Amino acid sequence: MDLGISFLKSKIARRFCLLFILCAFLPTVVLILLSYSKVMNQLEEQNAVRLKREVRAYGTSLFDRMIRIDNELQAIGRAFSNNKEAGSQTLAKSQMDLAHLFEGIAIRHGEENYSLVFGSLDTLAIDRLITPELLADTKPFILSTPKSGGAVIYFGCNFQEKDSQLFSVVALAKNPYLFGVGSEPLLPAMTELSVFDKNGESIMASDEGFSISYQELSGKRKSGNNDLRFFQFDQDGQTYLASMSNLFIESRFQRTGWTIVLSQKQTDIMAATTNFKISVSLTILLFLLAILYLSVLFIRKGLKPLEQLKEATKRIANKEFSTTINIQSDDEFQELGDAFNSMAGKLDQQFNTLKVLGEIDRAILSSLERTKVISNTLQRLKAFFVCDFCLFAKKSGSSAKHLKVYTLKGRRLSDPQVEYCNLEEEESNTLFADYDYKILRDDASFPGFLRKLEIGFGGECLCLPIIVDGAIDRLLILGWKEPHPTYEDELSQARKIANQLAIAIANSLHLENLKNLAMGTIEALARTVDAKSKWTAGHSERVAVLSGKIGKILGLSDTMIETITRGGLLHDIGKIGIPLAILDKPDRLSDEEYQEVKNHPAIGGKILEPIDAFQDILPVVVQHHEKYDGSGYPSGLRGEEIDIRARIMAVADVWDALVSTRPYREGWIKDRAKKLIIESSGTHFDPQVVNAFLSAVPEEEVFIRQ
């Protein structure tokens, strides 16, 4: 195909060509390079895993060979424990196997008393290694000593002859068989072996194995658990990867622990990546040529459609989702233009949908008051689905036949009207039978209670069950006067809103239950305190009521007033720790007794301190006996240092104490008590609180002289 380059005389064409190359080629190259880096890392990880598996497999094979050697020695020992002739016969039959496994075997009787039964042994070397502890244990033992060209490994077993004489069978194992080196290959290809004992001393190293110590190797750790570890280190200008595994052979042999290390040059491991590098280079080159070819082809052929798409895209970016374009190129660009128009239309619809759904979600979640949540939901559902009526129905009372219905009529958005309806049993079974939505049409099966509501039910209804705490006892119903096609998207959106409404209702119910539980707990605690003495019965509740009224007069928030009320119920909880004999004492309290009574605010604080839900009322409980001039207790706070709720509580507490009868005096008349409080304004009490108290007292009908 003759592509030509005359179109590149256009400035915008050159710009598009450059843009195409920059946007397509460079990201592709970066992606390929990132992929290459990731593949290299994965190859390294895979090789590390392979090396870990190989060292584990090698350790298992090594342990199997050690067990075979031990089994052979056990057989020889058992034969010799019967009689020497049987032992000699066993050796004679196993000469070839023994020659494969051992350099020599000897029987040890007592100290330095050896009888060589096979091959040759350096018995002096054995005696330097052997200890009485090894001979006293019935388990086999392994002795090792480093030596150039490979460690010397001795295996031994302890036995008892028929005449109760103890003897040991000691053998020198052949390293090629034991470690799988030389003529007995056991190591994986291109790997080197190093073996260390439990003290970190080198036992065995293959010909080209690394020369660093166990301690140096431990400092090169990259990853792995305590049993199987992975290392990287440099030696002689080469980078090595190594994996280490502990060979726990104590279950078979005495006090022996070996660490197996397999190492491999990184160049050997990563040799396979050479071809990969070549492939990556060729791939990048091919991508360059392909992108250049496609850039010239498509820019020349589609410059004008691209310009149209560019402008339309800008309008979409500016949220002009009603944008459309008209491309008549009879090729893919025309299809792209049609797809763009379809996308713009769907975006317009989807963004409008998301906007309305977001408003509905915010309306639902903005309040925990159920009536307000239902009202907000119905109003926005009615506007969003353009329905003729929208209602929420709930089973009312213990009977499933009674419904409480919230309705919105007409196009006007207003607060819902509440009506009560009776529901036929058949209708109840139809509407509340399962969790699925139902589409109801104007026929004989149409619910009769909808007709009775006079909402102009018309042709079709969408009924959505609301599930709260696993029960279906609420309905959300949308209705249209004319037959209304209901699409899957519309059903899905309605279902989401119904689910969100169910969550909001459940949260509201749970919060209400928690509040009721909390208030019930507080009232129970208050009555527990008041019940301790017959003279203080009802005191906490009266103080709470009066404190709340004073708080309202002072213009405190509903939250503050609720806190004052709860604090009033529990302000004397610390009296639980005061002996009843003091509380009910008919005479004047001694200094010691009064001092003990003064501890009750602090005791109350300690009682409530561990309860998170009561943290907001702690200042009320602890400070309600502080005085405005700083002469109160327990902390001697003054003025604004005292919490406003505690200042209110101080007035209400003293008032109730004065007008109530106590074991040591009759209750005061109200005028006398009021006069004392007025006289104490500015010293004992906050003047502002006293003024509010004087406004609240005339409304009080609870406080009568007892």
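The structure is a predicted model, in which local features require pLDDT of at least 70, side-chain atom pairs count only at pLDDT 80 or more, and totals for chains, interfaces and linings use all residues. Residues are numbered from 1 along each chain as its sequence is written, and side-chain values use heavy atoms, with hydrogens and water left out. The chain holds 23 helices and 17 strands, where helices (H or I, at least four residues) and strands (E, at least two) are DSSP runs numbered from the N terminus.

**Chain totals**

- Of the 706 residues in the chain, 44% are buried; buried means under 20% relative accessible area, exposed over 50% and partly exposed in between, with a 1.4 Å probe and protein chains only.
- Among the contacts in the chain with a separation of 6 or more, 58% are between residues 24 or more positions apart; a contact means heavy atoms within 4.5 Å.

**The five-stranded sheet**

- An open sheet is built from five strands in the order E2-E1-E5-E4-E3, with antiparallel pairing; two strands pair if DSSP finds at least two bridges between them.
- Strand E2 (114-119) and strand E3 (141-145) are the edge strands, each with a single partner strand, so one side of each has no neighbour in the sheet.
- From one strand to the next, the twist averages 20°.
- E3 is joined to strand E4 (residues 152-160) by five bridges, and the two run antiparallel.
- Within E4, Val152 is the residue opposite Thr145.

**Strand E16 and its partners**

- Strand E16 (residues 460-468) is mostly covered, with eight of its nine residues buried.
- Strand E15 (residues 438-441) runs antiparallel to E16 and is joined to E16 by four bridges; Ile439 stands opposite Leu462 in E16.
- Strand E17 (residues 471-480) also pairs with E16 in the antiparallel sense, over nine bridges.
- The hairpin of E16 and E17 has two residues between the strands, and Asp469 takes a positive phi near 55° there.
- Strands of a sheet pair through backbone hydrogen bonds, either parallel or antiparallel.

**Leu464 within E16**

- Leu464 lies in strand E16 and counts as buried because its relative accessibility is 1%.
- Leu464 stands opposite Leu476 in E17; the two residues are twelve apart in sequence, and their C-alpha atoms are 5.0 Å apart in space.
- Apart from neighbours within four places in sequence, Leu464 is in contact with Tyr437, Arg474, Leu475, Leu476, Ala494, Arg495 and Ala498.

**Helices H15 and H16**

- Helix H15 (residues 539-553) packs against helix H16 (residues 558-570) at an angle of about 160°, with their axes 7 Å apart; axes are lines fitted to C-alpha atoms, for helices over the stretch in contact, and angles run from 0 to 180 degrees between N-to-C directions.
- This makes H15 roughly antiparallel to H16, given that angles under 35 degrees count as roughly parallel, over 145 as roughly antiparallel, 65 to 115 as roughly perpendicular and the rest as oblique.
- H15 and H16 cross in the right-handed sense; a crossing is right-handed if the near helix is turned clockwise from the far one by less than a right angle, and left-handed if anticlockwise.
- H15 contributes Ser540, Glu541, Ala544, Ser547, Gly548, Gly551 and Lys552 to the contact, and H16 contributes Ile561, Ile564, Thr565, Gly568 and Leu569.
- By class, the contact of H15 with H16 comprises four nonpolar, six polar and two charged residues; Ala, Val, Leu, Ile, Met, Phe, Trp, Tyr, Cys and Pro count as nonpolar, Asp, Glu, Lys and Arg as charged, and the others, Gly among them, as polar.

**Helices H16 and H21**

- H16 and helix H21 (residues 644-659) pack at about 50°, with their axes 10 Å apart, and are therefore oblique to each other.
- The crossing of H16 and H21 is right-handed.
- Met560, Thr563, Ile564, Gly567 and Gly568 of H16 meet Ile644, Arg645, Ile648 and Met649 of H21.
- The contact of H16 with H21 divides into five nonpolar, three polar and one charged residue.

**Helices H15 and H23**

- H15 and helix H23 (residues 687-696) pack at about 110°, with their axes 9 Å apart, and are therefore roughly perpendicular to each other.
- H15 passes H23 in a right-handed crossing.
- Leu546, Lys549, Ile550 and Ile553 of H15 form the contact with Val689, Ala692, Phe693, Ser695 and Ala696 of H23.
- The contact of H15 with H23 has seven nonpolar residues, one polar and one charged.
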